[in-house]
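Have a look at the sequence and the structure first.

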Amino acid sequence: QHGLDREITSRYDISVTCTDAGEPPLTSKKNVRVDVSDVNDNAPRFTQATYTANVMENNVIGDSIFSLTAYDPDTRQNARLNFTILNSVVASYVSINAQSGVICSQKSFDYEQLKHFQIHVMVLDSGVPPLSSNVTVDVVILDQNDNAPVIVNPLPEQGSTVMETISRFAEPGYLVAKVSASDADSGQNARLTYHVFQATHRNLFTISEDTGEIWTIRGIETKDASKQWLVIVVKDNGIPSLSATVTIVLAVKGSDMIYSATSLPKDYVFSPDLNLSLVIALGTTSIIFLVILIILAVKVHKNRNDVGHQYNSLNICCCLESRSSVNGIQKASRSLQVPPNYVEVFGGDPLSQSYRYESCSTLQSVKRDFRTPQTCGLSTAIKYTQKKTIGKENPGMISSEKSNCRVNNEVRCQRRKNNLLSLDIAS
């Protein structure tokens, strides 16, 4: 009724019964087993369309790197499989076992030279005609940390030593140099970090772990060496970690004449530092300015004392002059025969109230108490001039007119005093 498929039903059991036409009919039964023979009608099959094989570099030659599996529904000769590599390019890299499908390496792989390749494999049965199938195997070479970092900048001139220069006046944060390195590995094996391994002064320089930039931490001082040695180490992040080092010699500019204490020449003369000279000059200027201020303050204080002393002397002079004027008035009063109860008042304005006069019944008891301003020196000079003039013109009249002249002079002097005092108060 339909074709037989051994892969579906490989065996049939048939029961055959034979019956005659007699009375009674007689029967006979026979069981027949039918085995369906195989025909090579099925090609070999792989479990996946593609495969990926991860192989660590530096592998051992001859080691198995992968194993292929295929199956064929047919039987016997039709199911006997053979594996073959189709692309001859990779035949130098790997080989395959024809019966088992195990792939072995033919060389030690280097990730830096060969990262991946593909293997095209064919499986073939032994039927007639033979049937086959193909599959692709992607071989990925895994990186191993087998390459140390390589310094690419700065390039060493003598061995692993690099010469650089830096100014002595470099401020904190000054970019001194930049170290660059590369690693042929990949991933974490190529992740590099930079460190200061050795330094003349560890508190003078620092380096960025990621970029390799070398910066100054502080300013370069006079006591610091004129040549700074830095040993920079570059490490990768592989296991185990590999590293490379470079030595940088930094020559400090502006310090050619600075030597160590053990290598000073005999005729060497120290030159003062510019900053120290500026500080000394500024300090000297400040001290001189302070001394000048002190001298000026002393002079101002002395002038104030002299003015006060002159003022006191002038007051004393005026007071003495006033007393002598009172004596002159008393003497003139005797000559003029002033009547009793005579009161002498100089100046009619209210400003003359600062002067107080007292009178008694007798001429000998006339007294005068007053406070004289600083302008009384003018009356004294006028009185002295008038006396001197009268004495020179007629010495004989001094005895008879001396009293009258004094009275007049005193009157004028008092009036001038009052006028001057009025002007001072008004102003």
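**Reading the labels**

Q: Which residues is Phe117 in contact with, leaving aside its neighbours within four places in sequence?
A: Good place to begin, with the reminder that this is a predicted model. Phe117 is in contact with Val90, Tyr93, Val94, Phe109, Val137, Asp138, Val139 and Ile141. Contact here means heavy atoms within 4.5 Å.

Q: What makes Phe117 stand out in the largest nonpolar core?
A: This core has 26 residues, and Phe117 is among those that touch the most other members, along with Leu68, Ile103, Ile119 and Val137. Several strands contribute at least two residues each: β4 (50–56), β5 (64–67), β7 (81–85), β8 (94–96), β10 (116–125) and β11 (132–142). Another core, of 23 residues, lies apart from it and includes Ile166, Leu192, Ile232 and Leu250.

Q: Why is the pair Arg11 and Asp35 called a salt bridge?
A: The cut-off is a Lys or Arg side-chain nitrogen within 4 Å of a carboxyl oxygen of Asp or Glu. For Arg11 and Asp35 the N to O distance is 2.9 Å, so the pair qualifies. Arg11 belongs to strand β1 (residues 11–19) and Asp35 to strand β2 (residues 27–35), so the bridge links distant parts of the chain, 24 residues apart.

Q: Why is Arg11 called partly exposed?
A: Its relative accessible area is 45%. Partly exposed covers the range between buried, under 20%, and exposed, over 50%, so Arg11 falls in the middle class.

Q: How do you know that Glu221 and Lys223 form a salt bridge?
A: Their side chains meet at 3.5 Å, N to O, and the limit is 4 Å, so the pair counts. The structure holds four salt bridges. Another of them joins Asp224 and Arg218 at 3.0 Å, and both of those residues are buried.

Q: Why are β14 and β17 placed at the edges of their sheet?
A: The sheet is open, with three strands in the order β14-β18-β17 and antiparallel pairing. β14 (175–178) and β17 (205–207) each have a single partner strand, so one side of each has no neighbour in the sheet. From one strand to the next the twist averages 25°.

Q: What makes β17 and β18 a pair?
A: Pairing needs at least two bridges. Three bridges join β17 to β18 (residues 213–216), so the two strands pair. Within β18, Thr216 is the bridge partner of Phe205.

Terms used: Residues are numbered from 1 along each chain as its sequence is written. This is a predicted model: local features need pLDDT of at least 70, side-chain atom pairs count only at pLDDT 80 or more; totals for chains, interfaces and linings use all residues. Side-chain values use heavy atoms; hydrogens and water are left out. Helices (H or I, at least four residues) and strands (E, at least two) are DSSP runs, numbered from the N terminus. Axes are lines fitted to C-alpha atoms, for helices over the stretch in contact, and angles run from 0 to 180 degrees between N-to-C directions. Buried means under 20% relative accessible area, exposed over 50%, partly exposed in between (1.4 Å probe, protein chains only). A nonpolar core is a set of buried Ala, Val, Leu, Ile, Met, Phe, Trp, Tyr and Cys residues joined through side-chain atoms within 4.5 Å.
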